[in-house]
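Hello,

Here is the structure we talked about. Please open it first, then read the notes below.

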Amino acid sequence: MKQLLIRRLIQSIPTLIGASILVFLVFTLAPGDFVTQMSADANMTQERLDEIRALHGLDQPLYKQYLTWMGNLLTGNFGESVLHRQPVTSVINTFMWNSFLIAIIVLVLQWIIASIVGIMAALRQYSIYDSAVTLIVFMAMSFPSFFLGLLMLKFFAVDYQIFPLGGMRSTGSTLTGWADFWDVMKHLALPVIVLTLLNIGSLTRYFRTNMLEVIRQDYVRTARAKGLKERVVIFKHALRNALLPLITLFALEIPGLFSGAIITERIFNWPGIGRVVLDGIFQRDYPLLMGFTMLLVVLTIVANILADLMYGVADPRVRNR
Amino acid sequence: MKKRSFSLFLCSLLTGALLLSACTQPAAQPTEQNQQQPNQSEQNQQEQTKAGEKKELGYIKATDPSKVPDSAKQRTDTMVLGITDPQGIFNYWFYNTVYDRYVIEAVTERLLSVAKDATVIPGLAEKWEISDDGLTYTFHIDKRAKFSDGKPVTAEDVAFAYHVLLDPKYDGRSNLSKAKIKGEDAYKNGNATSLEGVKVIDPQTIQVQVEEANATTLLLLGTEIFVLPKHYYGKDFAKGNLEYIKSLHQKPMGSGPYILKEFIPGQEVRLVANENYWKGAPKVKNLIFKSTTAETQIQSLKTGATDFDASISVNADNVEALKELGFVDLDMLLNNGYGYIAINHKLPKFQDKRVRQALMYGLNREEVVYAYSQGYAEVIDVPQSKLSWGYPDESKLTKYSYDPEKAKQLLDEAGWKLESDGYRYKDGQKFTIQFSASTPNEVNDALIPIAVENYKELGIEFIAEQLEFNAVIDKRNKGEHEMAFLAVGLSTDPDPYGLFHSKGGSNKDAYSNPKVDELLEAGLKEFDQAKRKAIYQEAYEIINDDIPVLFMYQRYNLNTISSRLSGFVISPYKYFSESLNEVQIN
């Protein structure tokens, strides 16, 4: 186990280096930089623009820029966001946890609901329940998020003012403790509902398909033949096996917890990282974009390793290979 | 059973949503269809008036102030102003976006200010003198001026601002180099520890010497300078070390009417009145700038979450929705800037003036501008704001109304002959235009289909290439573009040197006309406004005839104010945020 972990960690080093080069090139080779944006100012002159570029090292050859960036990265210095004029780490730290808060709640809700709905659908394949679930799930999936979000806002925040109209806390709120927590929860409700509805579809289908596959296996038939109760057959024998392929899926959702949901955050005016990164793209905030993308790269690699390890724990056949 | 009922609930919810979406869709459509008249001739009339129709400019009072939502009324000592999310750089020397600037202007002040009509008026400096040779500027700081901590604003603080803005490590967007302060080079690139041209005479008086002066020098040295307390920002300050100043972006301090209390990124900025404000304490105790997004700006006003919004884009749908609210005043102003289509003058096909004029006559600009703005923009024939004192006398200008016949005639004269395939050729070259269209962009969405059709009629193939905005700018900076739609913001002074002088910093189209160069230089050297106006009249007459770019429109700007607030002073040259101390709750 330990060996596997070490081996995987060492294997991920070249992946990281490759990814860093790719991330660097993708952003720096895109036309324009943040100084280009300043050129629209009436008082700007070419000489001044060149001066600012030089101050930020943008006049250096690409390989030098990469080495400087990488060197700083290795010492934990992500650089300064040109958009916020703050260290990249502090910008990410400010906004990422807001996104994480929504994402983690959505993740939990989504897995609970999808597992229940998906498994029930599998157990009653081709029943009215199954068809209804399939229909609903596909409908929910095919809604554009902005549309569903705006609709929810119109109903629940404007017409019947049950929930607040976007934001994370009430304006000018000086609440603390539980009152503050409750305030945030009220603001969370709509984005969480929308994101859960949008994401639940595919996951339900996974659960249903996996369950259907397992139920037809010989060992399930054997379990039934032994005279076990249906409940035991389903939850002990079938479900555990059906869950195996979903481990990978689960692990791969981990980076998504931190990446933010651009459209939903915009509509619900949620101070998340997705919106900040989108602004960063338009305004060419390279340090922020590269730092954030590298963070996601690392998270993805870690999640992959985690998936492998969890697979080993859950399935002895994999562990011994 | 429970699960089933839950999914049933979901099912009904979603089908309900679907049904509703089907119902609401038509209502959300633009009202164009509703306006269609059964009678053909009447419809034509309608079309004609529509393109020529101008929407109301100026201040539109609320129709029913009693409709102010209760939740807003309950905030008796607080106003909530909606703006697009600020980035948190609350220092004029380093900010990026106008949204940060709103906060900056609440907290800090500039040395000189501008009046509604763009004339220079006292700010922190109560008076100023310019020496006869125009090279020495003396500013006298108002004796009453105090920072929010009670300490007086002094000449040292002003000198501090000049030194930071010309520091070798300074990377903000102010460009004080243009003022050519004496000793700049020695300070920036040499060993000098201070600027030779900046002299503190006494605590209230500062003198600045420049090497070369022009009509904009006073603006650069005065209205562009925000004065920050050296005793607060100046710790560790030495040439080349701006780190401490940069660490205070989110904790600004200044002499403005409000004091920043808390900045919650992505959500709001909380400020309290500066009770010691030297022009008298502001009337509203608490001020909150709340981040709003285009999706919910109007709803926020409706539910009373905000009392004001500076970021609502002007279009028929929004204006109609706002008027329906009944309790908001609309302050509609001409934006101090204009939209235009850049033409690359390096390309031989665009070097003939007649061709450029043909491109103006041959494009139905009224239709394009109406399609983009639904009437909330004016078609222009000269690249200057209609409100500027430098705006030329229109009677001496050519008005390029849509006239395809004239355009064809001009192209014929220029030697572009129509061939049997319907396109024009000259020296075996087909007339095509590669248009670099930044996307997403509302103007391009309106422009491209009309331009393709209009120019096809002239025998020109108009090919639009969709690019991201930065890619368009990059292409143009490298001179690889043919045509691109862009917009420009103007400054307080009408001087267009940067845009149309052959050495202008923003002249990326290689436009060059010796006569224009000469006039623009003369306009800058002249200090007398009446004489400058005459010079610019001549320059704009040439530019109007010469078509360095295809002039498109000057659009409207909108500030939306709940009728429970009053006292805002807003003009194209002045943001609402400079009048916050005057605002009161009715």
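**Cavities and pockets**

A search of the whole structure turns up 6 cavities of 30 Å³ or more. Keep in mind that this is a predicted model.

Take the second largest cavity. It holds about 80 Å³ of space. Its lining comes from chain B: B:Tyr338, B:Tyr340, B:His345, B:Arg476, B:Leu499, B:Phe500, B:Ser506, B:Asn507, B:Asp509, B:Tyr511, B:Pro548 and B:Val549. Two elements of chain B give two or more residues each to this lining, β16 (337-343) and α18 (497-500). By class, the lining of the second largest cavity splits into 7 nonpolar, 3 polar and 2 charged residues.

Now the second largest pocket. Its space comes to about 950 Å³. The lining has 37 residues. Nearest the centre of the pocket are A:His56, A:Gly79, A:Glu80, A:Val82 and A:Pro287. The biggest share is that of α4(A), with 5 residues. By class, the pocket lining has 13 nonpolar, 15 polar and 9 charged residues.

**Where the chains meet**

The size of an interface is often given as the accessible area lost when the parts come together. Between chain A and chain B, the buried area is about 5,400 Å². Carbon and sulfur atoms give 56% of that area. A:Asn43, A:Arg85 and A:Thr171 supply 13% of what chain A buries against chain B, more than any other three residues. In terms of contacts, 58 residues of chain A touch 60 residues of chain B.

**Salt bridges**

Side chains of opposite charge can pair when their charged atoms come close. How many salt bridges does the rule find across the interface of chain A and chain B? There are 5. One pair to look at is B:Glu468 with A:Arg284, whose side chains meet in a salt bridge at 2.6 Å, N to O. Over all chains the count comes to 43 salt bridges. B:Glu468 sits in the loop between β22 (461-467) and α17 (469-477) of chain B, and A:Arg284 sits in the loop between α13 (273-282) and α14 of chain A, so this pair joins two chains.

- Residues 12-30 of chain A are 89% helix and 0% strand, with the end C-alpha atoms 27 Å apart.
- Residues 243-268 of chain A are 85% helix and 0% strand, with the end C-alpha atoms 34 Å apart.

Best wishes

Conventions
Residues numbered from 1 in each chain as written. Chains lettered and ligands numbered in written order. Predicted model: local features only at pLDDT ≥ 70, side-chain atom pairs only at ≥ 80, totals over all residues. Heavy atoms only, no water. 1 Å grid on protein atoms, 1.4 Å probe; cavity = no way out; pocket = protein on both sides within 12 Å on 5 of 7 lines; lining within 4 Å. Points joined across faces, edges and corners; volume = space filled by probe spheres on them. Helix = DSSP H or I, 4+ residues; strand = E, 2+ residues; numbered from the N terminus. Nonpolar A, V, L, I, M, F, W, Y, C, P; charged D, E, K, R; others polar. Contact = heavy atoms within 4.5 Å. Buried area = accessible area lost by both parts, 1.4 Å probe. Salt bridge = Lys/Arg side-chain N within 4 Å of Asp/Glu carboxyl O.
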